[in-house]
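Open the model in your viewer and keep the selection tool at hand. The stops below say what to select and what is there.

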Amino acid sequence: MGWICRLLAVALPPALLLVAVPPYRLTAQTPDTTSTSIPDSLSPDTFRTVLPVLGPAASPQPRLTRYVFGHDELRWLGAFTLGDLLLHVPGVFLVRAGWYGQPEVIAYSGQGAASIEVYWDGFALDPLGDDSAGLDVGRIPIGLLSRVEVEVLPTRLRVHLVSDVQPVRRPRTEASFATGDAQTNSYRGRYLNRWHSGFGLSLAADFFGTDGPTTSRGTVQNLSLWGKATWTPSPRVGVEYQLLRIGVERQPQPGLQAAAPINGANLDRTDAFVRAHAATGADGMGLRFDALFGTSRYADTTGLEASQEQMATGVSYRSSTWSAETALRLRSGNRPVQLRARLSWAPVRGVVVSGYAERTSVVGDGSVSDAGLSGELGLFAGLRFHGAARWRDYRASRQVEGDTTQSVGDWSWGFSWIRPRWDVDVTLARHGRFIAPAYGLFRAQLPRMTEIDVVTMTAALALRPRPYLTLHGWYRHPLDPIHAAYEPPHHTRLAATFRSRFLPRFRRGALDVLVEAALEGWGDGTAGVDAQGNPIALEGATVVNYRVEFRLVGALLYWTLINPNLERYAVLPGFPMARSLQRFGVRWEFQN
């Protein structure tokens, strides 16, 4: 298990294993995207414009602090779930239990359930109900999105999901169907429109079902219903209402080697919110005010019910060289008040500095303080140096016996070299000793997380020898002889992507073909700690996946093959991953 990855790490110099970004640049922009007019955005405070497009205002942000997946990437990266998409961010480990439909959680820098925050158009999708200690990213329907932004801190990912709208005054409809092995089927229908009055409407239904492969047998059915109504009488003001309801029916999944089974689920979660904004400029520059109010409801057949209300307001200002913003978020849960501020500045060409500070209260006279600073220095010929630091102070509650304050310092620094034919980045990072919360959905299999300091080296490379060929990926390795949870040695993701648009014989986007072979591998590591404090082993593995996509005008056809080399491995110990399974489907979009 994992011998190929370990052999590569020994036989090749580290420079050849630096591989890490998908076929887009380290600047988070892609030369192949069909939405190149949308720049890297500014605000990390979870507020996003209610206008049909985000506007052309780019922000002064250091390189590698934000990854942006636009319309093109969401359809051409082969991602079926949000977890699949986040795997393209260097250092992310996706913890899965066998096959699609089973729970998925993100592991990043050994932070457990604290690895990720998710916001849907500014509304915080906080863990609730059965996933109250770790959000199941496999439930989020990414087919309803037009854009995903990932803000990368040294030890946390803030994920901003931007739902789709119709930017022109004519209807757009979608019909999608996919099928595959293990009776895996999915269907999606969408209707989006916009009228001269400024009113817009988006409706969608998304269904997924599977019986599960023999290695992880268990019937799963997910149904997502979504509606969004917007009113933007002018480019400077607007209001919208959204409702997202997700229903899950999942049978229990037994584990092997005496592993505790994963509980079944029959649940419904509903998130609804209204959001408004007013701005002084129509292009995203100048002063802007945002307001949001919404509720989250959870209920399942076991009788468990939970709810949370949240309200948020924000004020921001953007110019060509600097920006500032502050936001206040109130919740009815155990973290009632959150205040966040940020400042970014590009004083001269090649220099960018950005910092933020956040304070969150905790019920019981507790608090969480979080602050970070990042910067970039550009020299010549695309060579840049970058660094970031983060400080955290946790005090859960003074009313809890034995509670203590936990201060943690994290940092990262490195360099990147950006050229027309290649992008290279090498980064050293440290995440401090942190008592990370375990994953709620896997609390029986991973009752505790490791509590150790770890320094890692992450390297990224994207080679573009031809316009139609990209070699890309990343390599991550802990420099310490100790193992943090889901920080295995020699974690590598490699891919070779061929994509041809057949220009100039056909108009842009009329005919596309993509063929990709991707490899992921890692050495023996640690998944967590059991209730007695003994480490839970994560065995090494090397897995190869293939996919083919073909687009003709508005129709996109795809085929994927997972693990055809029949590698026997488990990301969650006791729950083997699928072997040699395929999916294929088609997605139509009509602009009429």
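## A loop residue to begin with

Select Ser580, which lies in the loop between β30 (555-562) and β31 (581-590); helices (H or I, at least four residues) and strands (E, at least two) are DSSP runs, numbered from the N terminus. The phi of Ser580 is near 55 degrees, a positive value in a residue other than glycine. Ser580 counts as partly exposed because its relative accessibility is 32%; buried means under 20% relative accessible area, exposed over 50%, and partly exposed in between (1.4 Å probe, protein chains only).

This is a predicted model, in which local features need pLDDT of at least 70, side-chain atom pairs count only at pLDDT 80 or more, and totals for chains, interfaces and linings use all residues. Residues are numbered from 1 along each chain as its sequence is written, and side-chain values use heavy atoms, with hydrogens and water left out.

Now select Ala381, in the loop between β19 (366-378) and β20 (383-395). Ala381 is not a glycine, yet has a positive phi of about 50 degrees. Ala381 counts as partly exposed because its relative accessibility is 41%.

## The whole chain

Show everything. The chain has 3 helices and 31 strands. Of its 592 residues, 58% are buried. The accessible surface comes to about 23,500 Å², and 62% of it belongs to carbon and sulfur atoms; such areas come from the Shrake-Rupley method with a 1.4 Å probe, and for residues only the protein chains shown count as cover. Among contacts (heavy atoms within 4.5 Å) with a separation of 6 or more, 60% are between residues 24 or more positions apart.

Colour by pLDDT, the predictor's confidence in each residue, from 0 to 100. The chain averages 83, and 86% of the residues score at least 70. Select residues 1-58: the pLDDT there is below 50, and this stretch has 207 contacts in the model beyond near neighbours in sequence. Where pLDDT is low, the predicted coordinates should not be read in detail.

## An open sheet

Select β1, β6, β7, β4 and β5, which in that order form an open sheet of 5 strands with mixed pairing. Two strands pair if DSSP finds at least two bridges between them. The edge strands, β1 (66-69) and β5 (123-124), each pair on one side only. Inspect β4 (residues 116-120) beside β7 (residues 156-163): they pair in the parallel sense over 5 bridges. Glu117 stands opposite Arg158 in β7.

Which residues of β16 are on its covered face, and which on the uncovered one? Select residues 322-331: Ser323, Glu325, Ala327, Arg329 and Arg331 are on the covered face, while Trp322, Ala324, Thr326, Leu328 and Leu330 are on the uncovered one.

A hairpin of 3 residues links the two strands, and Met311 stands opposite Leu330 in β16.

## A nonpolar patch

Finally, select Leu287, Phe289, Val315, Tyr317, Trp322, Leu343 and Trp345, which make a nonpolar surface patch of about 640 Å². Patches are made of residues with over 30% relative accessible area and no salt bridge; like charges are joined within 9 Å, nonpolar side chains (Val, Leu, Ile, Met, Phe, Trp, Tyr) within 5 Å. A salt bridge is a side-chain nitrogen of Lys or Arg within 4 Å of a carboxyl oxygen of Asp or Glu. The elements that give two or more residues to the nonpolar patch are β14 (286-300), β15 (305-318) and β17 (337-345). Val315 is in strand β15 and counts as partly exposed because its relative accessibility is 33%.
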